[in-house]
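I opened a notebook page for this entry and wrote down what I looked up, in order.

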Amino acid sequence: MDAKVIVVTSGKGGVGKTTTTANIGAALAKLGEKVVVIDVDVGLRNLDVVMGLESRVVFDLVDVLEGKCRMSQALIRDKRVENLYLLPASQTRDKDALDPEVFKTVVQGLLDEEKFDRILIDSPAGIEAGFRTAAAPAKGALVVVNPEVSSVRDADRIIGLLEAGQVSEIRLVINRLRPKMVASGNMLSEGDMLDILGVKPIGIVPEDEGIIVSTNVGEPAVLGTTQAGLAFMATARRIRGEEVPYPKYEEDKGFWAALKRMFGGG
Amino acid sequence: MFSWLKRGRTKETLKDRLELVLAYDRAKIPPGKVEALRNDLLEVVQRYFPSTNSKIEIEQDGESVVLTASIAIDEPPKKR
Ligand SMILES: Nc1ncnc2c1ncn2[C@@H]1O[C@H](COP(=O)(O)OP(=O)(O)O)[C@@H](O)[C@H]1O
Ligand SMILES: [Mg+2]
C-alpha cells in the first residue's frame, strides 16, 4: 500500500480493529518502518492496554490538540520494538474533544516533523463522528471483517463511506476465520467475501487463542509465533508490497475428517 | 515450552493490569504520571536506605484511590 496514513475500521465493534492496529503496527516496525499507532476512541481508550503500554500514559491526543503538551511528550515509545510509538486517546474527555480538521493537521505534523513512515489510526466503532474523525487524514484503509453476517454488512457500509471520501486504497483484513468451518461449508470463505464486498483481502487471520493470551500480557502477537501472529506479520509484508502466499491452515485431522477424505467427501 | 503453565498465569497478569488501569481510570489520573512519581519516590528512599525493599502502590480504597508507600527499613543506616 502506498498510503502512509491508514485508518483501521469496521463499522461493527468487537471484530478486531484494535488487535489489528497493534499487531500491524508492531509488525511494520519490526520490518523497519518508523510507525505510530493512534487511538482515536476518546473516552474508551484500549490500544494502550492491548499493547501493554498503559502504565506509561501521561499525556494524550487531546492534550496535544489543545496545546497542553508537545507531541514528543505524548508519544510513547515501545521499548520492545524499535521505531514503534503509541499516541493514546484521552480517557477522561468526551468525543467532541476531537475535531477532524485539527486532527488532520496533527497527523500531517507527525509525517512532516516526526518523520513517521506509517501512521495507523484505530477507529472507534460506528459510522458517526468518531469514525469520520479517524478517517479524515487517511489515504488508505484496512477494513476488518469477521466472516459472519452483521460484520460483512457493516463492512459494506463502511466501504461505501470510505469510497465516497478521500480514501483511495481500501483493503480487507478477514479476522477470526475458522478454517474448519470454512472447509465444512459453514463459514464464509475468503472468496465469498471478495464476491460479496468487491474488495480484495490483504490479510486472513484465523481465530486463535494466542490472541487472548497476548492481550492478557500486553504483548502483540507478532512478537511471537502463534498462527494469528504469523498471519498479521504476513499481512504487514503485503502492505509493504511483498508477495506473500496465504498459508494452508491445518486441516481437520479428526476421525470424521479422515473418514470423509477416505470416501472422497470434505 | 511449558506453554500451558504460562497460559495459566497470563490471566493473573491480566487481572493485575486491569485492576491498576481501572484504579487510574476511576481516579481520572494518567498512570504514567503516578508511575513517574513512584520512581522518583523510590529513588529518594533508596538514597537514605539503600538496602530496603520499598513498595509504592496505587490502590482503590472504597470511593477514593490511595497511593500507599510501604517502606520497610530492615537494616538501620550504617554508621561511619
Ligand atoms: N484472531 C482472533 N482470534 C481470537 N480472538 C480475537 C482475534 N481477533 C480479536 N480477538 C478478540 O476479539 C475481541 C475484540 O477485539 P478488538 O481488537 O478489541 O476489536 P475492536 O477494536 O474491533 O472492538 C478481543 O477480546 C480480542 O482479543
Ligand atoms: Mg477497539
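Which side chain meets that of Glu33(A) in a salt bridge? I found Arg240(A), at 2.8 Å from N to O. A salt bridge here is a side-chain nitrogen of Lys or Arg within 4 Å of a carboxyl oxygen of Asp or Glu. The two partners are 207 residues apart: Glu33(A) is in the loop between H1 and strand S2 (35-39) of chain A, and Arg240(A) is in the loop between helix H11 (227-239) and helix H12 (255-262) of chain A. Helices (H or I, at least four residues) and strands (E, at least two) are DSSP runs, numbered from the N terminus. Over all chains, the search found 13 salt bridges.

I noted the ground rules next. This is a predicted model, where local features need pLDDT of at least 70 and side-chain atom pairs count only at pLDDT 80 or more, while totals for chains, interfaces and linings use all residues. Residues are numbered from 1 along each chain as written, chains are lettered from A and ligands numbered from 1 in written order, and side-chain values use heavy atoms, without hydrogens or water.

I then turned to ligand 1. I counted 15 residues around ligand 1 (a heavy atom within 4 Å), and Lys17(A) and Thr19(A) are among the closest. H1(A) gives the most to this shell, with 3 residues.

I listed polar contacts (N or O pairs within 3.5 Å) last. A polar side-chain atom of Thr18(A) lies 2.8 Å from an oxygen atom of ligand 1. For Asn175(A), a polar side-chain atom is 2.9 Å from a nitrogen atom of ligand 1.

Terms used
Polar contact = N/O pair within 3.5 Å; in protein donor to acceptor, adjacent residues only side chain to side chain.
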